[in-house]
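Please examine the sequence and the model shown below. The report that follows treats the relation between the copies, their interface, the nonpolar core and the sheets.

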Protein chains: 2
Amino acid sequence: MPELNRRKFVGALALTGFTVDAVANNAAEAADDASPGASAQGAKNVTRTLARYVLNAQPADAPEAVRKEARRTLLNWLGCAVGGSRHETVDNAIAAMAPFAGAKQSAVYGRKERLDVMTAALVNGISSHIFDFDDTHLRTIIHPAGPVASAILALAEYHPVSGRDFLNALVLGVEVECRIGNAVYPAHYDAGWHITGSAGVFGAAAAAGKLLRLNEQQMLWALGIAAVQPVGLREMFGTMTKSFHAGRAAQNGLTAAMLASRNFTSSEQGIEARYGWANVLSTTRNYAEITENLGKTYEVSINTYKPFACGIVVHPSIDGAIRLRNKYKITPDQVERVDLKVHRLVFELTGNKEPQNGLGGKFSVYHAVAAALVEGAAGEAQFSDRTVRDATVVALRRRVTATLDPSVVEDQAHVSITLKDGRTLDEFVEHAVGSVKNPMSDRDLENKFQALAQGVLPAAQTRRLIDLLWRVEELGNAADIAKAAAAA
Amino acid sequence: MPELNRRKFVGALALTGFTVDAVANNAAEAADDASPGASAQGAKNVTRTLARYVLNAQPADAPEAVRKEARRTLLNWLGCAVGGSRHETVDNAIAAMAPFAGAKQSAVYGRKERLDVMTAALVNGISSHIFDFDDTHLRTIIHPAGPVASAILALAEYHPVSGRDFLNALVLGVEVECRIGNAVYPAHYDAGWHITGSAGVFGAAAAAGKLLRLNEQQMLWALGIAAVQPVGLREMFGTMTKSFHAGRAAQNGLTAAMLASRNFTSSEQGIEARYGWANVLSTTRNYAEITENLGKTYEVSINTYKPFACGIVVHPSIDGAIRLRNKYKITPDQVERVDLKVHRLVFELTGNKEPQNGLGGKFSVYHAVAAALVEGAAGEAQFSDRTVRDATVVALRRRVTATLDPSVVEDQAHVSITLKDGRTLDEFVEHAVGSVKNPMSDRDLENKFQALAQGVLPAAQTRRLIDLLWRVEELGNAADIAKAAAAA
């Protein structure tokens, strides 16, 4: 055994620099293999291809229809954040984190507090997801805006950017997280990851990195640092931690971009390396989803917004129930039974037959349909403790059955109501309201925003805020939006 | 399609509280199944069993030998943190995060800066791991102290605790992360997770939660919030992001405990649920490793400390090379070739044949053995850019070959040196220095600490700090250690 003495350890004093040589070496190797779309572990240029696209994409590159959908995404997200801002979940998060927060750099939307950029991104991300009312990229069930918009709007108050650049970063952040999600969906989600937090962190990092004007090397590192910080397991659905996933993904992505901006090194193949994100966090992957048609297709253009305050998979059933209720003026006492034919995810995500409280009700297709039939709506009130425990609703939900129908896709449902007089009323929902094929109108989105903001912000402020959001690309400073969304 | 109007969304205003009913409900169900050790997905009481143990364990419960090993763990960790504190990695992390840091609550060891608890835990965790010189739990290759000690010593400056309670929390945090690691090793690590960050977050949460005096409900939530924040992929080895894993795990665990202390709800089965940590992040799991013999065995008692500043899997080869060098007074010019027979992990982790810089050298068994033969040591100096590019070392490392030998276990190596005069010198290292069966002495650890601290802290301060560390259990306030480890 060699004797250990001081001299031997003197070496520890030498502060070895991490030069970029080793990393640059790998990069050169990677550049040899221009094989976007390679689905095997040998793929090499995935992260770099994505990084280059993000760095090169200009605000004017995206067609107006795409930017319009990004504005709708922004509007819907901020309404949800303002609406959720007074929830106990947000109170608890602020109570826990404020003692460690830094300078009052960024607003908490719908509230008076100001927090440092990182903590504000966390809290606003939580607010925006707490009602499960935010946007959904249906191909992956990612809620795209939470991680991305929460990161970059908090950042905009610290690092000024124009409204055009801001909206472009939102488009690109959504593009990055959804493309990475597309590459691993459904295996990654089926395994148990809450994809909004596990893939969302990349969107936040890319969007923040774009606004921070990272160079290519730094953007690669930012995506690498994002890769090691996935957040979220499906086990947490029904608890406050679900909304934490969206907020922490925003904060982690921001952290990745900030570290990279200070030359904190990482892998340049964080997504596709043998021990990178896609191989470690998913059993299957298709890198073509990430690298092909960049700048030609836009994931934000297929973003959707919820008319109902619960998981998207229940929406077709709710839509059908409300249609039948309105068409036939059905009252609860008339109903003998309700039979649903639905997609398998309805069972996996919302199979709770006896929810005990409001949040549990969001994960119960039985409750959602019963409440919609009784009250004619499925807003936050229908997912309150009061409604979930309401005797009429409870009695009705016990007469709701759901059957898996392999022919029914995610935005569809068959709703069949058998009345006590023997009649059976059927409705097939081909595309639920709020889906890509049956989208909410701009007016619908404004109404949703106003309802969410009511009681949080004065009506006049809400109106001004909505107008400001539609005009985001004209703003000299995107931070105007954050300031306009804070409580006075 | 139902018309969307304001009235429908008025529900969104209702601030539904998350009561604990639903969660308590699950808990009651879980309590029915007292099956510690169940390895299937049906296991229910894993998280609760662990949480109860942590909450009930008193400082005097652990035998003196266990607490002694915890003191050695603490000493070794703090030496590494002080030694690494001036590294460029730490400079970059502070530059990136300081603009968002809060009140100057906690020290950065070896430096003058003070940061908020969360940011300090991140930075100190990075410092402690940057040299790859910290402690190793050989069963899992977890570096246990980084996530746990970085979290609780930063916390101790904000939330005063006695030295006895502090050391007990360290013992328990190490217990939690290593038991969880044992349950999923090697599948989890083989998949590509950097287990120090992915399992370490639980140790940080448990130890911080213990010091914060969480109740059982809160401790379950803390472990649930930890479960959704695993950090670290093996792809990042060789970059600054590797050390980020240890620091971020500390920060994430602290965050989990702080949120839980404010009743931020989560799953009560974060570890064992169908979509919990162990099922999602590993293809195999043995819950008996987590739940059996709690309070009877202690993982910290098998912790080890590195005599060499690189990955532990290379240590047997270095040890053998230095033994032969010293025994036969070998000089580089005498050596024809070096042949190693080693464990498979040596190839997986340190198979870099042509490292370009110091950090790359840490992941090259070829470089490590060559440098050890040339310079008679394997401290930080032997993993500097200078040594990795030294012509003599480069020439020698090209004459080193390594062969996988299935009969060789992790702490063993055969080293065979063929000299130009035809002689072949053999050394079989049965237990490398620093391994459980051949541990570093207390004096070795002090020497290592002093060498690491040299040039960072004055020698007299270092001596006082070491004495303070050995007496940690006598301290009225564990924060004294943090203050004594800061630069004046």
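## Symmetry, interface and sheets

Chain B is superposed on chain A by a rotation of 180 degrees with 0.0 Å of shift along its axis, at an RMSD of 0.0 Å, where copies are superposed by least squares on the C-alpha atoms of residues with pLDDT of at least 70 in both. The two copies are thus related as by a two-fold rotation axis. Among the residues of chain B, B:Gly102 comes closest to that axis, its C-alpha atom lying at 1.7 Å.

This is a predicted model, in which local features need pLDDT of at least 70, side-chain atom pairs count only at pLDDT 80 or more, and totals for chains, interfaces and linings use all residues. Residues are numbered from 1 along each chain as its sequence is written, while chains are lettered from A and ligands numbered from 1 in the order in which they are written.

At the interface, 107 residues of chain B are in contact with 107 residues of chain A; contact requires C-beta atoms, placed from the backbone, within 7 Å. On the side of chain B that touches chain A, helix 13 (residues 240-261) of chain B gives the most, with eight residues. Helices (H or I, at least four residues) and strands (E, at least two) are DSSP runs numbered from the N terminus. Because 100% of the interface residues of chain B are also interface residues in chain A, the copies meet through the same surface.

The largest nonpolar core has 336 residues, and A:Ile152, A:Leu170, A:Val369, B:Ile152, B:Leu170 and B:Val369 have the most contacts inside it. Such a core is a set of buried Ala, Val, Leu, Ile, Met, Phe, Trp, Tyr and Cys residues joined through C-beta atoms within 7 Å; buried means that 20 or more other C-beta atoms lie within 10 Å of the residue's own. Not counting residues up to four places away in sequence, B:Leu170 touches, among others, B:Ala70, B:Val148 and B:Ile152.

In chain A, four strands form an open sheet of mixed pairing in the order 6-5-7-8. Strands pair if DSSP finds at least two bridges between them. An open sheet with the order 6-5-7-8 and mixed pairing is also found in chain B. Strand 6 (400-404) and strand 8 (424-429) of chain B stand at the edges with a single partner strand each, so one side of each is left without a neighbour in the sheet.

| Strand pair | Sense | Bridges |
|---|---|---|
| Strand 5 (residues 335-342) and strand 7 (residues 413-419) of chain A | antiparallel | six bridges |
| Strand 7 (residues 413-419) and strand 8 of chain B | antiparallel | six bridges |

Within these pairs, A:Asp339 has A:Ser416 as its bridge partner, and B:Ile417 has B:Leu425.

Note on methods: Contact = placed C-beta atoms within 7 Å. Buried ≥ 20, exposed ≤ 12 C-beta atoms within 10 Å, placed from the backbone.
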